[in-house]
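Hi,

Here is the structure I promised to pass on. Have a look at it first, and my notes follow below.

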Amino acid sequence: IFSASVPCLSISSLGMKCLLVFVWLIPLFWASEGSVRRCYHMLRPSHGATLEHLGCEDSVWPGRCLDHAFLRCGLCHTPELAMALPPEDEHLLCGPGAPRKLSAARLVRIATQVVLNVSAIQGRLWLDDPGFPEANASECMAHLLEHMPRRDLQLLFSEPLSFVDFLAEQVRYALRTRTRGAPWGPTVPWRTFLDDVLPYATVTESRDRLFQWRPRLYQLLSPLLRDNMTVLQVVKAVVRALPGVQAQGVLALRADPGSAMLPGRAVVWRSSSAPAFLSPQEVIENGGSCTGTAIVMVAALRSVGVPARLAGCSESAAAGDDHHWVEFWDPSSPGPFGDFWHTKEGVSEGNSGGPWDSPSEPMQGCLKGVTPGSPMHSMWATKWSSPVFLPLLWHNSAWARAWGHIGGENRCGLYCTAWGCGVNLTQHYAQVDCEPSLT
């Protein structure tokens with residue numbers, strides 16, 4: 001387009017030829033928004049989309065396969081991403097002779113390289129040579145992309161540069177906890193790290209891309225760590241600190257030169273605030289209930305390298321009521337379930353969050369409500385890489401499942417065996433007896 005055949009700087013050709021160039025460029029200005037629309041239409045049955053047409057007819061988890069089809073479409077039609085495709089991969093993904101089916105591993109490898117290329121163009125380079133602190137950056141990015149819900153792929157396609165920067169920051173700070181954190185950081189099993197330290201989100205919360213929760217909480221909490229602290233000691237230090245954490249940023253009253261610096265208020269309890277206030281930023285600024293304060297604790301623990309995830313029930317024995325808490329990984333003790341996962345409810349100013357490794361009264365409400373085979377009346381924990389959908393009280397429609405996948409691990413058997421389920425907490429179901437249909 002910008003060759004000598006279109007001499008736009010020549011006064012004699014400032015008419016039609018430059019107009020043609022301008023018209024050709026117009027789609028690029030709209031392309032980021034248009035790529036989401038185009039790929040959305042691609043998935044709609046009313047536009048001829050079928051599982052076979054999208055290469056998903058043989059998939060055990062067709063919903064996840066459709067997410068990968070959406071990813072492939074966005075890589076081809078988002079200019080900021082397509083420009084980073086190597087020629088051979090562009091032909092494989094987007095060319096007229098491109099295969100209908102492409103393995104998930106191949107697609108994720110290409111997507112990862114594209115994101116890392118874009119990141120490098122924007123100035124984020126990696127210490128990723130073998131033996132260097134960020135040697136696993138590519139694998140971390142691949143894990144996030146492979147299991148990314150479609151709602152976040154929308155962000156990747158509509159705001160590619162800012163979202164790529166957000167992902168790079170998440171990977172960098174997560175890896176820092178393995179190389180510059182507590183001595184036990186490198187001993188966290190790699191798969192546990194990928195699912196329960198690395199992820200930037202827990203359930204449906206806002207992604208807080210500008211708030212930068214991970215570096216913010218890392219900078220606040222990492223000074224609490226000492227070289228000889230165990231995982232449990234780190235967790236307890238974080239739990240003690242969280243009710244007093246003032247993470248909104250430092251504010252100053254300039255009108256009064258002698259005034260103290262005001263770092264913002266601490267996290268406060270706000271009943272019945274889910275799902276409106278769930279993300280770390282929303283809870284820190286507005287307060288949060290059990291789910292919101294638990295998500296803040298998950299984020300805080302992940303920021304210093306402790307594997308953590310959200311657990312709970314989507315509906316307890318009381319209709320329309322749910323409850324969530326935190327599971328954290330500590331290899332020094334098998335814990336109540338025998339798998340090194342331990343429990344603690346979220347905390348806030350004036351709220352210590354109930355007992356450690358035993359059920360509080362609200363947790364007992366979940367246990368009493370367990371109904372074998374029911375996805376809502378069951379015990380769950382989040383798991384980034386799981387193809388199993390974790391339903392929530394406010395997030396369980398067909399649309400939610402398609403666009404806002406939440407990976408879940410059903411844990412009814414472990415909870416019921418340890419603490420009892422049913423109205424009188426006397427049912428000790430095995431997993432096979434209580435788990436819902438995992439589809």
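Are Cys39 and Cys73 buried or exposed? Both Cys39 and Cys73 are buried. Bear in mind that this is a predicted model, so everything below is computed from it.

Those two cysteines are bonded to each other, with an S to S distance of 2.1 Å. The torsion about their S-S bond is about -90 degrees, so this disulfide is left-handed. Cys39 sits in helix H1 (residues 16-43) and Cys73 in helix H2 (residues 62-77), so the bond ties together parts that are 34 residues apart in sequence.

The whole structure has six disulfides. If you number the bonded cysteines in sequence order, they pair up as 1-4, 2-3, 5-6, 7-8, 9-12, 10-11. Two others I looked at:

- Cys56 to Cys65, S to S 2.1 Å. The torsion here is about -85 degrees, so this link is left-handed. Cys56 is buried at 1% relative accessible area, and Cys65 counts as buried at 18%.
- Cys313 to Cys366, S to S 2.0 Å. This one is left-handed too, with -60 degrees about the S-S bond. It links distant parts of the chain, 53 residues apart: Cys313 is in strand E1 (residues 308-313) and Cys366 in helix H14 (residues 361-369). Both of these cysteines are buried.

Cys290 counts as buried, with 12% relative accessibility. Cys140 is buried as well, at 0%.

The largest holds about 130 Å³, and among its 14 lining residues Thr202, Trp384, His405, Ile406 and Gly407 are the closest to its centre.

For the overall picture, the chain has 17 helices and five strands, and 50% of its 439 residues are buried. It exposes about 19,700 Å², with carbon and sulfur atoms supplying 57% of that. Of the contacts between residues at least 6 apart in sequence, 60% join residues at least 24 apart.

Cheers

Key. Residues are numbered from 1 along each chain as its sequence is written. This is a predicted model: local features need pLDDT of at least 70, side-chain atom pairs count only at pLDDT 80 or more; totals for chains, interfaces and linings use all residues. Side-chain values use heavy atoms; hydrogens and water are left out. On a 1 Å grid over the protein atoms alone, a cavity is a set of points where a 1.4 Å probe fits but cannot get out, and a pocket is an open set with protein on both sides within 12 Å along at least five of seven lines; lining residues have an atom within 4 Å of a point. Grid points are joined across faces, edges and corners, and a volume is the space filled by probe spheres set on the points. Helices (H or I, at least four residues) and strands (E, at least two) are DSSP runs, numbered from the N terminus. Buried means under 20% relative accessible area, exposed over 50%, partly exposed in between (1.4 Å probe, protein chains only). Contact means heavy atoms within 4.5 Å. Accessible areas come from the Shrake-Rupley method with a 1.4 Å probe; for residues, only the protein chains shown count as cover. A disulfide is a pair of cysteine sulfur atoms within 2.5 Å.
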